[in-house]
Amino acid sequence: MSKFKKKKSGDLPAISTASLPDIVFMLLFFFMVATVMRENTLMIQNSLPVADQIEKLDKKNPISYIYAGKPSRGYEKFGTEARLQLNDKFADVNEITAFVNAERAALREELIPFLTISLKVDRDANMGIVGDIKQELRKVNALKINYTTGKGDALTNIN
Amino acid sequence: MAKRSAPEVNAGSMADIAFLLLIFFLVTTTIEKDSGINRKLPPMEDSEEDVIIKQKNIFTVLINGKDQLLVEDDLMEVKDLRKAAMEFLDNNGDGSCNFCRGKKDPSSSDNPDKAIISLKNERETSYAAYISVQNELVGAYNELRNRRALEIGGSKGFPNMNFVEMQSNYKDARFTGNKTKLKEVIDQIKVEYPLKLSEVQ
């Protein structure tokens, strides 16, 4: 009967950690692929409103971003009203003309009419600044715009 | 001399290195939002010509500084806006639109081609409220176009496909159907229910 006697060893067998690097690498690759490096360092609050009648921005066409929102923490000296951010710095509304022209200059000529301006505006900003931006964009004839939003029920924006 | 085997490299710290990289990417990752409501701004016009539009063909939507919604001078909730806009667009007052299902109310819009939605806002209006209203108005157009797409799509070879799907299929490189035909259908619907949404300052 001693054949069937269980081997008694008191301690648990060690779990092999040899596959741990594999698991971590898997996660690593996922994040590496999914990561888009931020082009601009945002100095403003930028939580976008949500909407459900949205279209995807066509990545084939050139896109320029205009950000607007309240200056975030650390930048309080720029005021508490919503401000405009172009590239990496706060800007005035009348700098949009120069910004759009610079964006256009960087493009191939045949793509210029397809330039879309994506407006990333904070949900708490008021329409005054958005209206000013739109007016400036009309002046430089950059008419294709996109109100960039998250996906969700639009009725939850107002509460 | 006997063959010497190469000493084994200790791979124990590989996980640490991988973790380091992982944490770096975790921290820097932002999943960018890249969708939204596409609009086209009206060009700056020099001409002073005033186009005369009948009052009944204009659907005024005003969002005031307190984010209250005024539709044709009456207070309204945002959730009722889509239905009201659809009724206005689809009204078909002069009977020239043979696919509309509206009430043919003579005091409302003549036909979808003439109907214009005018969206006004004040400087103090919040952007979130504005986007909600924009969304509802675009939603009204999309619903009418979807309905039309389901009506005519079958005879053109695109059954059970609504307008939004048609548009995304048209952009999709993997779509196997006939794209030139699809474009025709999309353009036809766009002509039948033109998006005439003016944003006034």
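Chain A contains 3 helices and 8 strands, where helices (H or I, at least four residues) and strands (E, at least two) are DSSP runs numbered from the N terminus. The order of these elements along the sequence of chain A is α-β-β-β-β-β-α-β-α-β-β. The structure is a predicted model, in which local features need pLDDT of at least 70, side-chain atom pairs count only at pLDDT 80 or more, and totals for chains, interfaces and linings use all residues. Residues are numbered from 1 along each chain as its sequence is written, while chains are lettered from A and ligands numbered from 1 in the order in which they are written.

Turning to overall form, the C-alpha trace of chain A spans about 95 × 40 × 35 Å along its principal axes. The radius of gyration of chain A is 26 Å, whereas a compact globule of 159 residues would have one near 15 Å; the radius is taken over C-alpha atoms, and the globule rule is 2.2 Å times the number of residues to the power 0.38. Of the 159 residues in chain A, 26% are buried. A residue is buried if 20 or more other C-beta atoms, placed from the backbone, lie within 10 Å of its own, exposed if 12 or fewer, and partly exposed in between. Met32(A), in helix H1 (residues 20–34) of chain A, counts as partly exposed because it has 14 C-beta neighbours inside 10 Å.

The two chains meet through 47 residues of chain B in contact with 53 residues of chain A, contact meaning C-beta atoms, placed from the backbone, within 7 Å. On the side of chain B that touches chain A, the elements giving two or more residues are helix H1 (14–28), strand S1 (35–40), helix H2 (78–89) and helix H3 (127–153) of chain B. H3(B) provides the largest share of that side, 12 residues. Strand S2 (residues 55–56) of chain A and S1(B) run antiparallel, joined by 2 bridges; strands pair if DSSP finds at least two bridges between them. Lys56(A) stands opposite Ser35(B) in S1(B).

The largest nonpolar core has 57 residues. Such a core is a set of buried Ala, Val, Leu, Ile, Met, Phe, Trp, Tyr and Cys residues joined through C-beta atoms within 7 Å. Ala68(A), Ala85(B), Tyr127(B) and Val133(B) have the most contacts inside the core, and H3(B) gives the most to it, with 12 residues. Leaving aside residues up to four places away in sequence, Ala85(B) touches Phe59(B), Ile117(B), Leu137(B) and Ala140(B).
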